[in-house]
Amino acid sequence: MRIATWNVNSVRQRLEHLLVWLKERAPDVVCLQEIKCQDEAFPREPIEALGYQVVTHGQKTFNGVALLSRVPFEETRPGLKGDDTDLHARFLEGFLMHGKHPLRIACLYLPNGNPPETDKYQYKINWMKRLLDYSRENLKHEQPLVLAGDFNVIPTAADVHNPAAWAGDALFLPTTREHFRALLNLGLTDAIRAVSDQPGQYTFWDYQAGAWPKNNGIRIDHLLLSPQASDRLRDAGIDKHVRGWEKASDHVPVWIDLDLD
């Protein structure tokens, strides 16, 4: 089973890119972030025509996540538990059966947190604590679990072209990275780093200052796997070439192959 994540930065603006990539990479399940539309405005028909079930948790103008799957979901649930006042559309969970094998997938768009001296950063850290609680609870089931999405976290200096330029950014602050490591310490595996320790494994290039031509990127889109999923990991990759398409998203797709059989 091929599972992918992609912050499309407006699904309606990138629809043609999405359709081309779906045909090219042929993922079984896709987690989309920043769809930037309400549920009824999501362009589901051309995606469904490719054989995907579409489940959305949208929000007008910003945020929004979606799950696309060739395998029907047994159940889906929007929203991350732990804060009833949080109305941002940033989390969508799906549970499916691949033959006799269960798989739980959480599509997430973690808060950016900038500027760090504002309450936006505390919201980010609180969200990460809630994600930690979610992960800890689900790991008890000892089933394949995939956390996939735009984490807005640069895990290490090896995941950024110019670490000094990001030293004061919410994505790279020590507290941010500590909370990301807390997820890994639960027993989750960073799929990309499980298959490659090569430098330059970036998933985001800013629109400003010629970041893409200079390969001045960062790695903030991740797939974290429970032990039962990581045992089945066969490959992982980053579709970097997508960033070179005309009017591309500033993020690119990241994917894994799991052998659930």
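A residue is called buried when its relative accessible area is under 20%, exposed when over 50%, and partly exposed in between, using a 1.4 Å probe and protein chains only. By this definition, the buried residues of helix H4 are Thr-176, Arg-177, His-179, Phe-180 and Leu-183. Seen down the axis of H4, these buried residues fall within an arc of 160° (the arc of the directions from the helix axis to the C-beta atoms), so they line one face of the helix.

The structure is a predicted model, in which local features need pLDDT of at least 70 and side-chain atom pairs count only at pLDDT 80 or more, while totals for chains, interfaces and linings use all residues. Residues are numbered from 1 along each chain as its sequence is written, and side-chain values use heavy atoms, with hydrogens and water left out.

- Helices (H or I, at least four residues) and strands (E, at least two) are DSSP runs, numbered from the N terminus.
- Helix H3 covers residues 119-139, and its 21 residues should span 30 Å at 1.5 Å a residue; the end C-alpha atoms are 30 Å apart, which agrees. The expected span of a helix is 1.5 Å times one less than its number of residues.
- H4 has twelve residues, and the distance from its first C-alpha to its last is 16 Å, close to the expected 16 Å.
- Among the buried residues of H3 are Tyr-121, Ile-125, Trp-127, Met-128, Leu-131, Leu-132 and Tyr-134.
- The buried residues of H3 pack against strands E5 (73-78), E6 (91-98), E7 (101-109) and E8 (145-150), as well as helices H4 (174-185) and H6 (227-230). Those of H4 pack against H3, E8 and strand E10 (221-225).
- The axes of H3 and H4 come within 10 Å and cross at roughly 10°. Axes are lines fitted to C-alpha atoms, for helices over the stretch in contact, and angles run from 0 to 180 degrees between N-to-C directions.
- H3 and H4 are therefore roughly parallel to each other. Angles under 35 degrees count as roughly parallel, over 145 as roughly antiparallel, 65 to 115 as roughly perpendicular and the rest as oblique.
- Where H3 meets H4, the residues of H3 include Tyr-121, Lys-124 and Leu-132, and those of H4 include Thr-175, Phe-180 and Leu-183. Contact means heavy atoms within 4.5 Å.

**Helix H1**

- In helix H1 (residues 15-25), the buried residues are Leu-15, His-17, Leu-18, Leu-19, Trp-21, Leu-22 and Arg-25.
- The cover over these buried residues includes strand E1 (2-7), strand E2 (29-33), helix H2 (44-48), E4 and E12.

**Residues in loops**

- Gln-59 lies in the loop between strand E3 (53-57) and strand E4 (65-69), and it counts as buried at 15% relative accessibility.
- Although Gln-59 and Lys-36 are 23 residues apart in sequence, their C-alpha atoms are 6.2 Å apart in space.
- The side chain of Gln-59 reaches the backbone nitrogen of Ala-89 at 2.7 Å.
- Leu-87, in the loop between E5 and E6, counts as exposed at 70% relative accessibility. Leaving aside neighbours within four places in sequence, Leu-87 is one of the residues in contact with Gln-59.
- His-251 lies in the loop between strand E11 (233-238) and strand E12 (254-258), and it counts as buried at 4% relative accessibility.
- The side chain of His-251 makes a polar contact with the side chain of Asn-7 at 3.4 Å. A polar contact is a pair of N or O atoms within 3.5 Å; within protein, one must be able to donate a hydrogen and the other to accept it, and residues adjacent in sequence count only if both atoms are side-chain atoms.

**Backbone geometry**

- Most residues other than glycine have a negative phi, and most peptide bonds are trans.
- A cis peptide bond, with omega about -5°, joins Asn-114 and Pro-115. Pro-115 is in the loop between E7 and H3.
- Asn-152 is not a glycine, yet its phi is positive, about 50°. Asn-152 lies in the loop between E8 and H4 and counts as buried at 4% relative accessibility.
- Ala-209 is not a glycine either, and its phi is positive, about 55°. Ala-209 lies in the loop between helix H5 (191-195) and E10 and counts as exposed at 66% relative accessibility.
- Just after H1, Ala-26 takes a positive phi of about 55°.
- H4 is followed by Gly-187, whose phi is positive, near 120°.
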